[in-house]
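Hi,

Here is the structure I promised to send over. Have a look at it first, and then read on for what turned up.

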Amino acid sequence: AQLNVSVDGLLLLLLLILSTASVRSFVMIPVPTPTRMITTSLNNWFDEIIEMATLGPSERRLKKAKERQQINDDYDAGDSRSVSDDDLTPAAFRLEISRLDAERERQSSTAAVASEEPQFTGESFSSLLVKKYGAQLDVDLRPVTSFGKTSIYVAIMPLKAFGTRKSRFEAELPYLQHLQAVVEVLEKYGQLEEYVEFLEETEKRPRGGTSPLIAVTWKMELSDEEVGVIT
């Protein structure tokens, strides 16, 4: 019985020694990376024991909630730093993992919102023309030179039937591809949204059978260099 008591006493004494600050300081001395991984696990184990011994369940939950809130506050403030090897303590490691999780979640949410935004295409352009004027119409980018200065106008004109002698489109697909090209030019120079707004609000209508025919035109705001690229 005396032998058993002595063994139990020695084990208790050993646990008390391992939990002291002097041993923890010794364990956290910088060491090569492979050994540091083992050291970090020991430090994490020590922290968990001390935290469980000193804090109740509700206090531990409150502590972790405050840590997560601090991570969100740091992220909102633009703090995107990562922990270095010198900061590789268990608490810092847990904070870094939580910060990375929060950052991934924010990026996923941003990507999801961006993917939900409708994209304006050549087919969308055709649908808008039909909705506005009741029929598919031809659209072209036309350079107009006045007083030595060239400008680019988006012109909406009557459309000849696909595949006819006077039509420049053999079928609907080449027509939609052409509208797509016009959309891409407007988008490239940051004027697509403004043009769509103009088209939705204008009361002008294209007319055929007149000489010259009447087109609905809209002038693009471009520099001389940009005009040269388009023409």
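Please keep in mind that this is a predicted model. To start with how the chain contacts itself: among contacts in the protein with a separation of 6 or more, 57% join residues 24 or more positions apart. The protein has 231 residues, and 24% of them count as buried. Its accessible surface comes to about 16200 Å², with 56% of that belonging to carbon and sulfur atoms.

As for the elements, you will find nine helices and three strands. Going from the N terminus, the order is α-α-α-α-α-α-β-β-α-α-β-α.

**The sheet**

The three strands make an open sheet in the order β1-β2-β3, with antiparallel pairing. Because β1 and β3 stand at the edges and each has a single partner strand, one side of each is left without a neighbour in the sheet. From one strand to the next, the twist averages 30°. Helix α8 packs on this sheet, where it touches β2 and β3, and its direction makes about 150° with that of β3.

Strands β1 (residues 138–146) and β2 (residues 149–157) pair over nine bridges in the antiparallel sense.

Serine 151 is buried, with a relative accessible area of 10%. Leaving out residues up to four places away in sequence, serine 151 touches Arg142, Pro143, Val144 and Lys219.

**The core**

Which residues have the most contacts inside the largest nonpolar core? They are Phe125, Leu129 and Met220, in a core of 27 residues. At least two residues each are supplied by α6 (122–133), β1, β2, α7 (172–188), α8 (192–201) and β3 (216–219). Helix α7 gives the largest share, six residues.

Neighbours within four places in sequence aside, methionine 220 is in contact with Leu141, Ile152, Val154, Val185, Leu186, Tyr189 and Gln191.

**The aromatic rings**

The structure holds seven aromatic pairs. One of them is phenylalanine 125 with tyrosine 195, an edge-to-face pair at 6.0 Å centre to centre with 80° between the planes. Phenylalanine 125 sits in helix α6 and tyrosine 195 in helix α8, so this pair ties together parts that are 70 residues apart in sequence. Phenylalanine 125 counts as buried at 1% relative accessibility, and tyrosine 195 is also buried, with a relative accessible area of 1%.

Another pair is phenylalanine 198 with tryptophan 218, which is tilted, at 6.4 Å centre to centre and 35° between the planes. This pair links helix α8, which holds phenylalanine 198, to strand β3, which holds tryptophan 218, and the two residues are 20 apart. Tryptophan 218 counts as buried, at 11% relative accessibility.

Both pairs belong to one picture: Phe120, Phe125, Tyr195, Phe198 and Trp218 form one aromatic cluster.

Happy to go through any of this with you at the screen.

Best wishes

How values were computed. Residues are numbered from 1 along each chain as its sequence is written. This is a predicted model: local features need pLDDT of at least 70, side-chain atom pairs count only at pLDDT 80 or more; totals for chains, interfaces and linings use all residues. Side-chain values use heavy atoms; hydrogens and water are left out. Helices (H or I, at least four residues) and strands (E, at least two) are DSSP runs, numbered from the N terminus. Buried means under 20% relative accessible area, exposed over 50%, partly exposed in between (1.4 Å probe, protein chains only). Contact means heavy atoms within 4.5 Å. Accessible areas come from the Shrake-Rupley method with a 1.4 Å probe; for residues, only the protein chains shown count as cover. Two strands pair if DSSP finds at least two bridges between them. A nonpolar core is a set of buried Ala, Val, Leu, Ile, Met, Phe, Trp, Tyr and Cys residues joined through side-chain atoms within 4.5 Å. Axes are lines fitted to C-alpha atoms, for helices over the stretch in contact, and angles run from 0 to 180 degrees between N-to-C directions. Rings of Phe, Tyr and Trp (its six-membered ring) pair if their centres lie within 6.5 Å; planes under 30 degrees apart count as stacked, over 60 as edge-to-face and the rest as tilted.
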